[in-house]
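Please have the model open while reading.

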Amino acid sequence: MGLKLKETFFLSHGSPSLAVDDSIPAWKFFSSWKEQFPTPPSAILVISGHWDTDVPTVNVVDRNDTIYDFSGFPKSLYKLKYPAPGAPELAKRVKELLLGSGFSHVDEDMKRGLDHGAWGPLMLMYPEADIPVCQLSVSSNKGGTYHYNMGKALAPLKDEGVLIIGSGTATHNLRAMGPRNSPPPPWAQAFMSWLKTSLLHGRYEEVNEYEEKAPYAKMAHPWPDHFFPLHVAMGAAGENAKAKVVHDSWDVGSISYASFSFTATDI
């Protein structure tokens, strides 16, 4: 048997500047990734909040281009490259699993590379860019349970050595950002306290219904695209998975870089 993984991850990728700014508190966490998780995966599947489509879509490419899906940042960021190999076989496998689990339609994008929700953290985690990477979109016109079920469909990938990463941001209200060292506002603290408690106690159904269950849900996520990657990672780990906070920091006041692992407990 080949490599099997037991963990999936939700990683808060935050600002594009994360790739170059070591003063961002989460920079050290991402840069020391291989010290914490030394086993290299066979391939990486990233579900990014920066790719939002009506139906699940995978990128099917041989080599990933670097997408600069942001504006107003230093010119140096637009020169960064993360030329990771594509993972067309993994893309086909993702499509097969989703269709086999009742998802009626899965699209293939034959041109799209990696957006900063993927290459931003991966540039620090796996700087060699030598592990094949595939991206899967979110659908913000659906709900949390829909994305949780997407994750459940993808669970077999762990046994094939695929690292499943949901890349979003634990709180993502760009209009509420403050100065770099400002404390998180009460609404953001309340939402994060609820999220951590719900995850650590395995109340995944509540997290699926966060819009009704969470305090300040709409403040924390005016649009759900950066939260749904968490649901996919959560579902991919299995119903009895154990959640763990693997990093916890804040930036520009209201942006939480909290990141979680989900470890399968099924034998």
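**Strand β2 and its partners**

Strand β2 is joined to β5 by five bridges, and the two run parallel; strands here are DSSP runs of E with at least two residues, helices are runs of H or I with at least four residues, and both are numbered from the N terminus. Two strands are taken to pair if DSSP finds at least two bridges between them. In this pairing Asp52 stands opposite Val138 in β5. Strand β2 is also joined by six bridges to β6 (residues 162-168), again running parallel, and here Val46 stands opposite Ile165 in β6.

Eight of the ten residues of β2 (residues 43-52) are buried, so this strand is largely enclosed by the rest of the structure. Buried means under 20% relative accessible area, exposed over 50%, and partly exposed in between, with a 1.4 Å probe and protein chains only.

**Basis of the model**

The model is predicted, so local features need pLDDT of at least 70 and side-chain atom pairs count only at pLDDT 80 or more, whereas totals for chains, interfaces and linings use all residues. Residues are numbered from 1 along each chain as its sequence is written, and side-chain values use heavy atoms, with hydrogens and water left out.

**Positive phi in two loops**

Most residues other than glycine have a negative phi. Ala129, in the loop between α4 (116-125) and β5 (133-138), has a positive phi near 55°, and Ala129 counts as buried because its relative accessibility is 9%. Tyr216 also has a positive phi near 55°, and lies in the loop between α8 (210-213) and α9 (217-220).
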